[in-house]
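Reader: Could you walk me through how the chains in this model pack against each other? I'd like the cut-offs spelled out as we go.

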4 protein chains.
Amino acid sequence: MRSIDTISLDDARRIIAAGEDRAQQIGQPSNIAVVDAGGNLVAHVRMDGAWIGSVDIAINKAFTARAFDIATADLAENAGPGDQFFGISGSNQGRVMIFAGGIPLREDGRIIGGVGVSGGSGDQDQTVAEAAAAGFR
Amino acid sequence: MRSIDTISLDDARRIIAAGEDRAQQIGQPSNIAVVDAGGNLVAHVRMDGAWIGSVDIAINKAFTARAFDIATADLAENAGPGDQFFGISGSNQGRVMIFAGGIPLREDGRIIGGVGVSGGSGDQDQTVAEAAAAGFR
Amino acid sequence: MRSIDTISLDDARRIIAAGEDRAQQIGQPSNIAVVDAGGNLVAHVRMDGAWIGSVDIAINKAFTARAFDIATADLAENAGPGDQFFGISGSNQGRVMIFAGGIPLREDGRIIGGVGVSGGSGDQDQTVAEAAAAGFR
Amino acid sequence: MRSIDTISLDDARRIIAAGEDRAQQIGQPSNIAVVDAGGNLVAHVRMDGAWIGSVDIAINKAFTARAFDIATADLAENAGPGDQFFGISGSNQGRVMIFAGGIPLREDGRIIGGVGVSGGSGDQDQTVAEAAAAGFR
């Protein structure tokens, strides 16, 4: 047996609230999702007016950030044609997202979950995700 | 053109909070999900300790309740072997749930969304979903 | 943040070894799989001569046992026509197995993973899974 | 009738053990999977701390290496935009992996299985897979 730390629902709500604040600041309604250490969804919100197609993307960005312990923006840089992880987006039944907006959640240096944001441009999703992740620390 | 009413994120949060209260009363950690008039997820929470297999089920009970404008418990009674809707659970890419815990959300008699609960027995899910739906009205 | 216990690879190997011993005793080559607290695969073996179609089933029985914190044999009793969970096997992208052979793994009363066995009759799968689970305790 | 050689569970364990040794040497927890001549999983391990998103990838790299009797790193060179096998990763229900870490297993020059590794960079996965394959010979 081994023990691991993971994200509680209270954590997830704090993370999402921080993301929402940032999304409102930049005027971009967003989907924000948080997964735990096992990659399983803890909480999700779709802000009024946010894309319905982004529900799936936000949840899967959060999954990806935890599944590979990497920001999806960083994974993206290794997943293009000719890169070492080109094709990874075809794995895990299409749940691997390779564009900005997914960030691992860290506690004392260990990754214990992930947050995913989808709703705007890559830059917008990234800044909202960063604000959300900062809400955890 | 026509206008429809739908569920806002504020509504979803109020609905989920009412469901959480009831889940805590009965001591059954639950997944609670709310969809809007389009059947698309507005918000979801997994209470600490709730089943991870119920994330999918709660979201899809909410979808089902709106997709067919019927409580999933009522759909279940028409979806068994020999019933008029037997096999309906194979449609919509496996998103149709035919057991208790999904309830349409009504405003002035019209259905404008759905709530889905998964985490306990059918009776437990149903009572949490009813409390959640009551939180909307 | 909250801490949870989960299954290590060493645990999984001990669990699988205990299951293999029992499978050999009864002369039934089996697939044996172990998942952690997040429902994610830790280890799997297919004994020589075991069904290839049972790879998927063993892994998903282990998933199911953890996803709903219940033995799949017990879930089966509530998942038939007219039962409260009829239709649950259509959720989670077909990963929910509703026949014997999946057992939750407990430590101090808490469920921290699951083991799944597939290869023989329901009774055979169940006895191998029970022996495997006993190898953990 | 014809006879084929294939991988036994004992072989798979020896292969995995060799891979684990190498993974520990380079300090990269990995998923390691072995498939037989039929492309079906024989055994899998996820070392403690290895990516959960790599379970699927390791198994499918092993499948790919046997499915097309080619190292996935070599397949990758023919599967980019403009290459002769561009799009092959969309076949076989997303099971074809086109990046390094999958290697065919050979006996007397014939391919009788495959090993797949996922957990680190392409170079890390490749060196672990090579060590694993060498453990078979």
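Author: What follows is a run of questions and answers on the contacts between chains.

Reader: Before we start, what are the ground rules here?
Author: This is a predicted model, so to speak of local features we need pLDDT of at least 70, side-chain atom pairs count only at pLDDT 80 or more, and totals for chains, interfaces and linings use all residues. Residues are numbered from 1 along each chain as its sequence is written, chains are lettered from A and ligands numbered from 1 in the order in which they are written, and side-chain values use heavy atoms, with hydrogens and water left out.

Reader: Let's take chain C and chain D. How many residues does the contact take from each chain?
Author: Contact here means heavy atoms within 4.5 Å. On that basis, chain C gives 18 residues and chain D gives 18 residues.

Reader: What area is buried between chain C and chain D?
Author: Buried area is the accessible area (1.4 Å probe) that two parts lose on being put together, summed over both. Carbon and sulfur atoms give 45% of it between chain C and chain D. The total is about 1400 Å².

Reader: Which residues of chain C lose the most area to chain D?
Author: Together they make up 34% of what the chain C side buries. They are C:Leu9, C:Leu41 and C:Arg46.

Reader: Which residue of chain D meets C:Asp36 in a salt bridge?
Author: A salt bridge is a side-chain nitrogen of Lys or Arg within 4 Å of a carboxyl oxygen of Asp or Glu. The count between chain C and chain D is 4 salt bridges. In one of them, at 2.8 Å from N to O, the side chain of C:Asp36 meets that of D:Arg46.

Reader: Which element gives the most to the side of chain C that touches chain D?
Author: Chain C and chain D have 13 residue pairs in polar contact, both at pLDDT 80 or more. (A polar contact is a pair of N or O atoms within 3.5 Å; within protein, one must be able to donate a hydrogen and the other to accept it, and residues adjacent in sequence count only if both atoms are side-chain atoms.) Helix 1 (9–25), strand 3 (41–46) and helix 2 (54–67) of chain C give two or more residues each to the side that touches chain D, where helices (H or I, at least four residues) and strands (E, at least two) are DSSP runs, numbered from the N terminus. With 6 residues, the one that gives the most is strand 3 of chain C.

Reader: What is the bridge partner of C:Val45 in strand 2 of chain D?
Author: Strands pair if DSSP finds at least two bridges between them. Strand 3 of chain C and strand 2 (residues 41–46) of chain D run antiparallel and are joined by 3 bridges. The partner of C:Val45 there is D:Ala43.

Reader: On to chain B and chain A. How are the two copies related?
Author: A rotation of 179 degrees with 0.2 Å of shift along its axis puts chain B on chain A, with RMSD 0.2 Å. The two copies are therefore related as by a two-fold rotation axis.

Reader: Which residue of chain B meets A:Arg46 in a salt bridge?
Author: There are 4 salt bridges between chain B and chain A. At 2.7 Å from N to O, the side-chain partner of A:Arg46 is B:Asp36.

Reader: And what is the bridge partner of A:Ala43 in strand 2 of chain B?
Author: Strand 3 (residues 41–46) of chain A and strand 2 of chain B run antiparallel, joined by 3 bridges. The partner of A:Ala43 is B:Val45.

How values were computed: Least-squares fit on C-alpha atoms with pLDDT ≥ 70 in both.
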